[in-house]
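Trainee: I would like to learn how to read a protein model. Could you walk me through some features, step by step?

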Amino acid sequence: MGFELVEEAMHQAVAQGVFPGAVLLVRAGESFFYLRAFGYRSLLPERTPMHEDTIFDVASLTKPLATTVAVMLLVKEGKLRLDDRVSRFFPNFGVHGKGYITFRQLLSHCSGLPATKPYYKEVLAEEHRRGRVNFVGTSAAKEFVYQRIERERIEAEPGTRALYSDLGFMLIGAAVEQLSGMTLDRFCQDRIFRPLGLRTTGFVDLALLRARRLEPVTEWIAPTEQCPWRKKILWGEVHDDNAYAMGGVAGHAGLFSSARDIDTILCRLEESYYNVGRMIPQRLIREFWTRDPTVPDSTWCLGWDSPSSRGSSAGRYFSPNSVGHLGFTGCSVWVDLDRHCHVILLSNRVHPYRDNDGIKAFRPYLHDLVREALG
């Protein structure tokens, strides 16, 4: 199969500043595998080359690859039901018309919760008020954020329209911790990442770094933004502001991973979908990977998106029976379940600054080229 046009497009994207660099992985069935790095891992403070095994802050890919898989495991074990009310686990959440919101609605982004809120600013203000140097990133700060979410007013009646919400996945992460008796990062490490043999996937616990005076191994990690309020290039430190305020471990963002590791996760999930996989029961993953038909005009499955009829980031050729997700930092995954293929694009398009949205037009163009190359 010829990937010359794909590679030409990737080189052009680097030259045009769509991203400093990227790693592209394509798998089609058991017969075709493609992996290549393009461009630069960093531009500041110096240019360094991108490598195939570079580790990225995958931002909202945390939702499908970590938090949603954790929920699947808890549902499999009977510890959580999708139609359980959130207020069953968080009694204070039931105010302002939120008493009947279910985990199914959080997963399919139809709870009515706002997309996001700048809680990190409140955490910073609280740190200043308390006169504490290390309130940001502590378990107390995380609890502070959860309390704010519990008090939020909804922007739509639950179940009536799709409204993508980080807040809902923050609460899902909290539920995983409550039901498992483990932190989200430890649960994912012990139950997902280690059993799959993943070597470069995990959360960066900021409190642990501080306590042990550790530094991330930046030569393997792609940096993200020159953060205006943290006053530095973020390198091995979560980019998402709220996830940072919560200590780097949250249900909506905070995961770091590489293309090979994400490929492994997708292969195991697809194995469960097509056959009787060891990881997740087939009936369960098929439920998670089916679009919710009860919400008008929604493309959302449970924790995963599906292609929209117009302007999908998956391009023109992914079948309607596909699932995927995007990450703010410039990462994406798309899985075509009818054609047994997936495409992983990892980039740090927010490096060194986030005001760069060229990837919006480039993603569908790239996916079209990949599908044409695959035939």
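Trainee: How many nonpolar, polar and charged residues does the lining of the second largest pocket have?

Mentor: Let's begin with the general idea. Rolling a probe the size of a water molecule over the atoms shows where empty space is left. Keep in mind that this is a predicted model. Here, twelve nonpolar, five polar and four charged residues make up the lining of the second largest pocket. That pocket holds about 520 Å³ of space.

Trainee: Which residues lie nearest the centre of the second largest pocket?

Mentor: Look for Thr200, Thr201, Gly202, Phe203 and Val204, out of 21 lining residues. The largest share comes from H7, with four residues.

Trainee: And how much space lies in the largest pocket?

Mentor: About 1,000 Å³. Its lining has 41 residues, and those nearest the centre are Ser60, Tyr164, Leu326, Gly327 and Phe328. Helix H9 (241–245), strand S9 (322–327) and helix H12 (359–374) each give two or more residues to the lining of the largest pocket. H12 gives the most, four residues. Sorted by class, the lining of this largest pocket has 13 nonpolar, 16 polar and twelve charged residues.

Trainee: Now for the rings. How many aromatic pairs does the structure hold?

Mentor: To read a pair, check the distance between the ring centres and the angle between the planes; over 60 degrees counts as edge-to-face. There are 13 aromatic pairs in the structure. One of them joins Phe89 and Phe103, with 5.6 Å from centre to centre and 65° between the planes, so by that cut-off this pair is edge-to-face. The two residues are 14 apart and the pair links distant parts of the chain: Phe89 is in the loop between helix H2 (62–76) and helix H3 (103–107), while Phe103 is in helix H3.

Trainee: Are Phe89 and Phe103 buried or exposed?

Mentor: Both Phe89 and Phe103 are buried.

Trainee: Which residue has its charged end over the ring of Phe144?

Mentor: That is Arg148, whose charged end sits 4.0 Å from the ring centre of Phe144. Likewise, Arg47 lies over the face of Tyr40, at 4.6 Å from the centre of the ring.

Trainee: Let's turn to the backbone. Where are the cis peptide bonds?

Mentor: The background is this: most residues other than glycine have a negative phi, and most peptide bonds are trans. In this model, a cis peptide bond joins Leu44 and Pro45, with omega about 0°. Pro45 lies in the loop between strand S2 (32–42) and strand S3 (48–49). Another cis bond joins His351 and Pro352, again with omega about 0°. You will find Pro352 in the loop between strand S11 (341–347) and H12.

Trainee: What is phi of His96 near?

Mentor: It is near 55°, a positive value in a residue other than glycine. His96 sits in the loop between H2 and H3, and is partly exposed, with a relative accessible area of 35%. Asp297 also has a positive phi, near 65°. Asp297 is in the loop between helix H11 (282–288) and S9.

Trainee: Why does Asp297 count as exposed?

Mentor: Asp297 counts as exposed because its relative accessibility is 80%, and the cut-off for exposed is over 50%.

Terms used:
Residues numbered from 1 in each chain as written. Predicted model: local features only at pLDDT ≥ 70, side-chain atom pairs only at ≥ 80, totals over all residues. Heavy atoms only, no water. Phe/Tyr/Trp six-rings, centres within 6.5 Å; stacked < 30°, edge-to-face > 60°. Buried < 20%, exposed > 50% of the residue type's maximum accessible area, 1.4 Å probe, protein only. Lys NZ or Arg CZ within 6 Å of the ring centre and 35° of its normal. 1 Å grid on protein atoms, 1.4 Å probe; cavity = no way out; pocket = protein on both sides within 12 Å on 5 of 7 lines; lining within 4 Å. Points joined across faces, edges and corners; volume = space filled by probe spheres on them. Nonpolar A, V, L, I, M, F, W, Y, C, P; charged D, E, K, R; others polar.
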